[in-house]
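User: I am new to this one and would like to go through its ligand site and its cavities. Could we begin with the terms?

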Amino acid sequence: MSLSKVVTLPLSLVLFGACVGAGAPRATPTASASAESAGEPARESARFPDGWRLPAGASSTFASQAMAVSNSSHASAAAAEIMKAGGNAVDAAVALGFALAVTWPEAGNIGGGGYSIVHMADGRSAAIDYREVAPLAATRNMYVDANGKVTDRSIEGHLASGVPGAVAGLNMLLEKYGTMPLSRVMQPAITLAREGFVIDTALAGSMSRAATMVSRNSSVTPYFPNGKALPAGARLVQPDLARTLQAIADNGAKAFYEGWVADSLVAEQKRGGGVITRADLKAYTPVSRNAIASTYRGYRLLAMPPSSSGGVTMTEALNILEQYSTVPAYGSTRWFHLVGSAFQRAFIDRNSKLGDPAFVKVPMEQLTSKAYAKSLAATIADTRVTSTKALEPLMQQPVREPEHTTHYSVVDAKGNAVSTTTTLNNSWGSGVFVRGAGFMLNDEMDDFAVQPGTANMYGLVQGEANAIQPGKRMLSAMSPTIVLDKSGQVLLVVGAAGGPTIITGTTQVILNVIDHHMSLADAMRAPRVHHQALPDSLTYEDGGIRPAVLDSLTKMGYAMRKLRVLVNINAIMRVKGGWEGMPEPRRSGGAVGY
Ligand code: DON
């Protein structure tokens with residue numbers, strides 16, 4: 001691989017918003033208060049650095065039967081409504097997915113794609129892959145100009161979009177594991193689009209940040225009447241989107257891929273030099289895969305296999321950490337060192353060996369094996385950093401700062417669970433709004449190695465395995481995950497937004513719960529850390545590291561990088577008597593249960 005640019009990591013999130021909870025708030029249990037009962041591990045009080053802005057000991061939302069957590073309280077409420085009406089977690093997750101396309105248009109979508117891990121109480125589980133694919137007219141160098149330079153057309157504008165998979169994927173999820181018809185579960189979304197909903201400060205902020213970019217690519221949208229973003233408190237009504245959703249509800253996914261919605265999408269593509277055709281839409285097929293079933297200290301993980309890198313990379317990092325019989329204290333120098341080194345090694349493999357399994361042979365067995373992890377753990381020196389260059393001489397540096405994706409988690413009273421991550425890639429995708437059909441298109445093509453060896457917008461330097469080919473799925477970092485406890489019951493439903501930090505952030509919530517016995521609220525509020533091999537640095541959250549630890553890590557040779565916020569996670573955890581739900585405390589969202 002030849003390498004050029006200079007990487008910056010995703011500054012994934014900016015806003016702090018209110019988290020809406022609609023079950024009962026519940027105080028964090030302490031070690032003395034929490035007895036270890038069947039399957040529910042005892043929780044202990046957490047300790048974070050002095051002055052950390054999200055102190056330990058906060059509460060999450062408790063519900064005795066069912067819970068939905070997402071970045072939009074309207075969408076979480078749609079899921080709870082469906083479960084109250086007799087639907088299962090899958091019905092609710094599909095309702096939530098369509099509602100998010102209405103209430104969280106920066107990332108909730110029907111013009112993008114995603115992944116769902118489902119685990120049914122009867123023991124069935126699956127990984128549904130509805131990632132976008134490259135259009136049939138895509139070519140390896142379509143984003144490289146005559147001088148060999150990568151253009152920004154994989155990020156913005158009509159050419160940036162992959163063929164959307166969300167509608168087909170949600171439909172497949174519902175058909176395989178749901179109990180209600182599509183027309184019923186889509187009702188809340190249709191009502192939200194048709195009648196509108198009141199914009200909160202988080203959505204108003206997101207719209208105002210996106211106004212220039214979207215207006216550059218789309219002339220008329222409901223978000224920016226007269227070119228200006230609607231303010232908080234205004235009502236967002238989306239009649240075109242309501243019509244599109246109604247068509248899907250009436251006629252199934254076909255309405256999106258073959259009917260007038262498909263015509264609108266193709267017409268929009270033609271207007272701006274995009275290449276998605278009717279044939280692309282007709283050919284789109286979601287895939288039901290086996291979830292990666294790995295273990296960590298006796299707990300079972302159901303994680304996303306390729307075309308996402310999430311499950312493999314998390315498994316590899318966790319397998320490395322499992323080689324250590326004792327877990328260093330949370331936030332200690334050794335904790336940062338081991339966790340950072342495990343991520344660094346897992347990302348080296350991720351960046352070079354993973355791609356769409358329909359196009360490349362992925363060495364899954366090796367990468368997820370404990371024996372391989374043992375050999376990688378042996379390369380971690382006790383008191384100093386190993387450079388990525390020394391570990392993987394083929395790799396190097398990159399550019400650009402990103403945004404957005406969204407994760408939601410749903411559980412029902414029977415113990416069925418769905419963990420879904422969905423994205424347009426960047427916040428508000430390609431900036432292209434499909435006129436007449438009312439939705440934004442993704443810019444997922446940038447997740448390919450648009451020039452193998454050169455960084456993408458997340459600074460990820462990826463190889464041939466992820467080069468562009470027609471019909472191929474671009475590699476993702478999305479990591480929807482379900483953790484089962486030692487008795488086989490759902491313990492955690494978790495996943496995130498934030499490009500490559502999705503993998504490391506999701507892993508840390510799992511580590512915080514399993515290794516550090518934190519409550520869900522503490523596990524979510526704990527300062528986070530990130531390493532993705534290149535750039536060869538350890539990224540931490542501002543205020544999230546003790547000064548002495550920062551000093552020791554620097555002396556060990558780490559290039560330390562500070563960001564205000566890492567990752568946007570939405571999670572549910574089983575606790576005595578029910579569930580706790582927690583939307584990202586660094587952002588906005590809603591946990592709604594009953
Ligand atoms: O699939 C991926 O890995 C990226 N498209 C995810 C982008 C993302 O999470 C941006 N969010 N904050």
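Analyst: One term first: Ala, Val, Leu, Ile, Met, Phe, Trp, Tyr, Cys and Pro count as nonpolar, Asp, Glu, Lys and Arg as charged, and the others, Gly among them, as polar. Please note also that this is a predicted model.

User: How does the lining of the second largest cavity divide by those classes?

Analyst: That lining has 9 nonpolar, 2 polar and 2 charged residues. The second largest cavity holds about 80 Å³ of space. Its lining comprises 13 residues, and L321, V327, P328, V339 and D515 are the closest to its centre.

User: Which helix gives the largest share of that lining?

Analyst: Helix α12, residues 333-353, supplies the largest share, with 3 residues.

User: What lies 2.7 Å from a nitrogen atom of the ligand?

Analyst: An N or O atom in the side chain of N425 does. For oxygen atoms of the ligand, a polar side-chain atom of S476 is at 2.7 Å, and one of R131 is at 3.0 Å. The protein covers 98% of the 340 Å² of accessible area that the ligand has on its own.

Technical notes
Residues are numbered from 1 along each chain as its sequence is written. This is a predicted model: local features need pLDDT of at least 70, side-chain atom pairs count only at pLDDT 80 or more; totals for chains, interfaces and linings use all residues. Side-chain values use heavy atoms; hydrogens and water are left out. A polar contact is a pair of N or O atoms within 3.5 Å; within protein, one must be able to donate a hydrogen and the other to accept it, and residues adjacent in sequence count only if both atoms are side-chain atoms. Accessible areas come from the Shrake-Rupley method with a 1.4 Å probe; for residues, only the protein chains shown count as cover. On a 1 Å grid over the protein atoms alone, a cavity is a set of points where a 1.4 Å probe fits but cannot get out, and a pocket is an open set with protein on both sides within 12 Å along at least five of seven lines; lining residues have an atom within 4 Å of a point. Grid points are joined across faces, edges and corners, and a volume is the space filled by probe spheres set on the points. Helices (H or I, at least four residues) and strands (E, at least two) are DSSP runs, numbered from the N terminus.
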